[in-house]
Amino acid sequence: QVQLVESGGGLVQAGGSLKLSCAASRSIFSINSMAWYRQAPGNQRELVALMSSGGGTNYADSVKGRFTISRDNAKNTVHLQMNSLKPEDTAVYYCNAKLFQDMRPVDYWGQGTQVTVSS
């Protein structure tokens with residue numbers, strides 16, 4: 001199992017930046033992948049950015065070139081640097097960790113952090 005604690009959300013004007021952090025309760029090397037998802041009111045939860053245990057990354061088309069996922073191995077923390085924010089980035093952002101347990105993938109989620117981008 002793993003517990004995830006997010007921080008760093010808030011209110012920012014369009015064009016601004018925010019950095020989200022997700023602290024894991026175990027070594028992130030032991031986690032198959034870590035990712036950021038977001039969910040806006042009335043919408044389904046969508047993948048924003050993902051980093052595998054090997055360091056490979058994947059981004060939603062809507063955030064490519066603006067968002068960067070990174071990790072601090074010593075602190076078991078994953079970050080999401082968000083630049084050039086747009087009002088449509090407004091959502092609750094969730095940290096996700098995927099572990100394989102009994103040979104099956106199991107998802108763990110943080111509590112979510114609100115990001116609001118004003119126009």
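## The disulfide and its surroundings

C95 is buried, at 0% relative accessibility, where buried means under 20% relative accessible area, exposed over 50% and partly exposed in between (1.4 Å probe, protein chains only). C22 is buried too, with a relative accessible area of 0%. This is a predicted model, in which local features need pLDDT of at least 70 and side-chain atom pairs count only at pLDDT 80 or more, while totals for chains, interfaces and linings use all residues. Residues are numbered from 1 along each chain as its sequence is written, and side-chain values use heavy atoms, with hydrogens and water left out.

A search of the whole structure turns up 1 disulfide, a disulfide being a pair of cysteine sulfur atoms within 2.5 Å. C22 and C95 form it, with their sulfur atoms 2.0 Å apart. The two cysteines come from distant parts of the chain, 73 residues apart: C22 belongs to strand β3 (residues 18-24) and C95 to strand β9 (residues 91-101). Strands here are DSSP runs (E, at least two residues), as helices are (H or I, at least four), and both are numbered from the N terminus. The link of C22 and C95 is left-handed, with -80 degrees about the S-S bond.

## Strand β1 against β3

What stands opposite C22 of β3? That would be E6. Strands β1 and β3 pair in the antiparallel sense over 4 bridges; to count as a pair, two strands need at least two bridges found by DSSP.

In a regular strand the side chains alternate between the two faces of the sheet.

## R38, a buried arginine

Is R38 buried or exposed? At 6% relative accessibility, R38 counts as buried, and its place is in strand β4 (residues 33-39). Its side chain makes a polar contact with the side chain of Y93 at 2.9 Å, and another of 3.4 Å joins the side chains of R38 and S62. A polar contact is a pair of N or O atoms within 3.5 Å; within protein, one must be able to donate a hydrogen and the other to accept it, and residues adjacent in sequence count only if both atoms are side-chain atoms.

Leaving out residues up to four places away in sequence, R38 touches a list of residues including R45, E46, F67, E88 and D89. Touching, or contact, means heavy atoms within 4.5 Å.

## Rings and a charge

By the ring-pairing rule the count comes to 1 aromatic pair. The rule takes rings of Phe, Tyr and Trp (its six-membered ring) with centres within 6.5 Å, and calls planes under 30 degrees apart stacked, over 60 edge-to-face and the rest tilted. Y37 and W109 have ring centres 5.0 Å apart and planes at 70 degrees, so the pair is edge-to-face. Because Y37 sits in strand β4 and W109 in strand β10 (residues 104-109), the pair ties together parts that are 72 residues apart in sequence. W109 is partly exposed, with a relative accessible area of 36%.

R45 puts its charged end over the ring of W109, 4.6 Å from the centre. R45 also lies over the face of Y94, at 3.7 Å from the ring centre. For a charge to sit over a ring, NZ of Lys or CZ of Arg must be within 6 Å of the ring centre and within 35 degrees of the ring normal.

## R71 in strand β7

R71 is found in strand β7 and is partly exposed, with a relative accessible area of 26%. Which backbone oxygen does the side chain of R71 reach? It is that of S52, at 3.2 Å. The R71 side chain also makes a polar contact with the side chain of N73 (3.2 Å).

Not counting residues up to four places away in sequence, R71 touches I28, F29, M51, S52, S53, G54, G55, T77 and V78. R71 and G56 are 15 residues apart in sequence and 11 Å apart in space, C-alpha to C-alpha.

Now for some backbone angles. N76 has a phi near 50 degrees, a positive value in a residue other than glycine, and is found in the loop between β7 (67-72) and β8 (77-82). S84, in the loop between β8 and β9, also has a positive phi near 50 degrees without being glycine. S84 is partly exposed, with a relative accessible area of 40%.

T116 lies in strand β11 (residues 113-118) and is partly exposed at 28% relative accessibility. Apart from neighbours within four places in sequence, T116 is in contact with G10, L11, V12 and T90. A polar contact of 3.3 Å joins the side chains of T116 and Q114.
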